[in-house]
Amino acid sequence: MPAFDLREFLLLAPEILLAIGGLALLLAGSVGRGVPGRVAASLSLFFLVATALLVLTVEEVGPEPRLILGSSFVLDGFARFFKLVILAGTALTVLISVRFVDDGAYRAGEYHALLLLATTGMMFMVGGFNLVSIWIALELMALSSYILAGYFKRETRSNEAALKYFVLGALSSAILLYGASLLYGATGELRLDLLAAALPEAMVTGRLLVPTGWLMLSVGLLFKVAAVPFHVWTPDVYVGAPTPVTAYLAAASKTASFAILVRIFVQGLPTLLPDWQIVIAAVASVTMIWGNLAALTQTNVKRMLAYSSIAHAGYVLLGLLAASVIGLWSVAFYLLAYTFITLGAFAMVVVLERREYAGEEVSDYAGLARRAPWLAAAMLVFLLALTGIPPTGGFVGKVYLFAAAVEAGWTWVAVIGVLTSAISLYYYFSIAVQMYLKESTRDTPEPLGSPALTAAIATCVVATLVLGLFPGPFIEFAQAAGLPLP
Amino acid sequence: MIELLTQHGEAILFYAFALAAVVSAVGVISLRNPMYCALSLLVTFLAVAALFLMRHAELLGMVQLFVYGGGIMVLFLFVIMLVNLHRLREVRLFNEQVPIALVLGVLLVALFGWVFLSLPASAPGDSTALVSLDGEVVGNAKAVAWVLYTEYLLPFEIASIFLLVAMIGAVVLGRRD
């Protein structure tokens, strides 16, 4: 009889509270004409902050990972770090959603409820310790995201985004699940540590089952992080989805997917390390090259940021490729910095955006420095950070990722990373050129802020700069998120 | 003849049900009349349920029969009766990517065939695990229930939130406002 203790449910108080929050918002949204956007946003912020506090207090994290609830979940520094990053990303998403949801006259209660439930799924994902619990949590996140992508249902582009995301997402989930089932067939284990222990023998007895299984598993996971060649859904979904949702997909969803990718590869498949390193090296290279090259020709800022987010997936893969202590914590650090940078950049898109998707072109940024100097300065910080120029968190993160790859002997992949970063300077700074060197015309949209948006942008700017100027404590924080290496 | 049947009965039944499952699955995607597609899908469900029963996964077989063969099938039939079938017949079901899809499909089948042929003749895994708990034979339903409500209790609960989200999504996206 496996050890099982119901009291361990108390250790999952943060996740349970967040799920209750989502259900409460759903109930509130169903009364009368629904809750106003501001009230719904305040409620979800309250639940997110309370959940973060619970993560910090209730979940005791010792030096050893603690397996709970029949070992389907684990409490460790890794899970705790990513839970906090995801909660921060969601809170910022809530802030930039306030005006947007009110503006479009779409119901706010259900929107925020879905956001919280998706986040619940992410928290279970990063804490999952067997393939079944990780998969079902991943599906909870994915299904909520499909609905959120189509939330502006009167806009054709939003419908298209939701449908494409749903069909391709379901396909990738099926491939992932099939891969997991083949690995289970070969080893008879779903728990990551037992799977790792059973693999050496299974590679002999299971013959081709193991390689087929882990390759399919990788395809599914790489789809979720939008790595080339599994990225085709990304531009259309990012452009069509409501912008706050796009920001959420690019930041929180990507972070959670990277967390499970790293956990499954490092803790579940350490035996196959030399094999998956080759795959990751190839995928990382083409992702960095194609993401940056495709971004060069974009004139729509959302689409450009979509390709930029693909390129950044390639940079993060460098840390996993290194499969070293420094590699893993630089992945964690980069995802922390990237969450703030991306959300900030998308918050700027929200500021200029109008209904019918106007205000998304690069030319709409013309003369922004004169009309709104602070907003232009904020955007400049995000552009510097996305390119990886000091004094921003993006620079520190990239340096450590590249250093980790070089240290582990993958210099050529790191060189591709440096070269493509140089290319990215061109398209990021086409926006800066518009803001500072071009004059606005009569058609240029006026920036339209709100207190919540300003708060979100200010937080992101401060976080981006602090991570760049004083990275010390955050690096220590990320180092506590390390996983035991093979 | 009788000897052949008794000796290889299980294998013969397996191949019969497997063939039925594959043929009817092809029917689901290739028949033009949606009602025939649905009925073809029903045959797939039933054949797969039979395969589960043969592998001593009795609970799974019954769930397949009741939930898929019963509940889900009824939903499909409802939808088919609600949509306009005459228009569907004129719609082109496949687009111009048929050749490349065909090539990739054949490659995929070949790949899985290769994986399958590489496997040792005796299937890995212990079929008594399906019916026993701590070495004691308790039956398939009890053994599954034990694992489901202990080790997988939380994933099981997450699945219920998942279904709730699916319901919210259907209402939010489908509602006219």
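Me: How do helix α3 and helix α6 of chain B cross, and how far apart are their axes?
Reply: In this predicted model, the axes of α3 (residues 58-82) and α6 (residues 140-149) of chain B come within 7 Å and cross at roughly 90°. That makes α3(B) roughly perpendicular to α6(B), a label for angles of 65 to 115 degrees (under 35 is roughly parallel, over 145 roughly antiparallel, the rest oblique). Axes are lines fitted to C-alpha atoms, for helices over the stretch in contact, with angles from 0 to 180 degrees between N-to-C directions. Helices are DSSP runs of H or I with at least four residues, strands are E runs of at least two, and both are numbered from the N terminus.

Me: Which residues meet there?
Reply: On the α3(B) side they are E58(B), L59(B) and L60(B), and they meet N140(B), A141(B) and V144(B) of α6(B). Contact here means heavy atoms within 4.5 Å. By class, that contact has four nonpolar, one polar and one charged residues. Ala, Val, Leu, Ile, Met, Phe, Trp, Tyr, Cys and Pro count as nonpolar, Asp, Glu, Lys and Arg as charged, and the others, Gly among them, as polar.

Me: Before I go on, what are the ground rules for numbering and confidence?
Reply: Residues are numbered from 1 along each chain as its sequence is written, while chains are lettered from A and ligands numbered from 1 in the order written. Local features need pLDDT of at least 70 and side-chain atom pairs 80 or more, while totals for chains, interfaces and linings use all residues; side-chain values use heavy atoms, leaving out hydrogens and water.

Me: Thanks! How is chain B divided into domains?
Reply: Into domain 1 (1-91) and domain 2 (128-177), with bounds from an automatic or database domain assignment. Their C-alpha centres lie 23 Å apart.

Me: How much area do those two domains of chain B bury between them?
Reply: About 350 Å², 66% of it on carbon and sulfur atoms. Buried area is the accessible area (1.4 Å probe) that two parts lose on being put together, summed over both. In domain 1 of chain B, H56(B), E58(B) and L59(B) lose the most area to domain 2, together 79% of what that side buries.

Me: And what about chain B against chain A, how much is buried there?
Reply: Chains B and A bury about 3,200 Å² between them, 78% of it on carbon and sulfur atoms. The contact takes 29 residues from chain B and 44 from chain A. L154(B), I158(B) and F162(B) lose the most area on the chain B side, together 18% of what that side buries.

Me: New topic: where is the cis bond to P229(A)?
Reply: The cis peptide bond joins V228(A) and P229(A), with omega about 5°. P229(A) is found in the loop between α8 (209-224) and α9 (233-240) of chain A.
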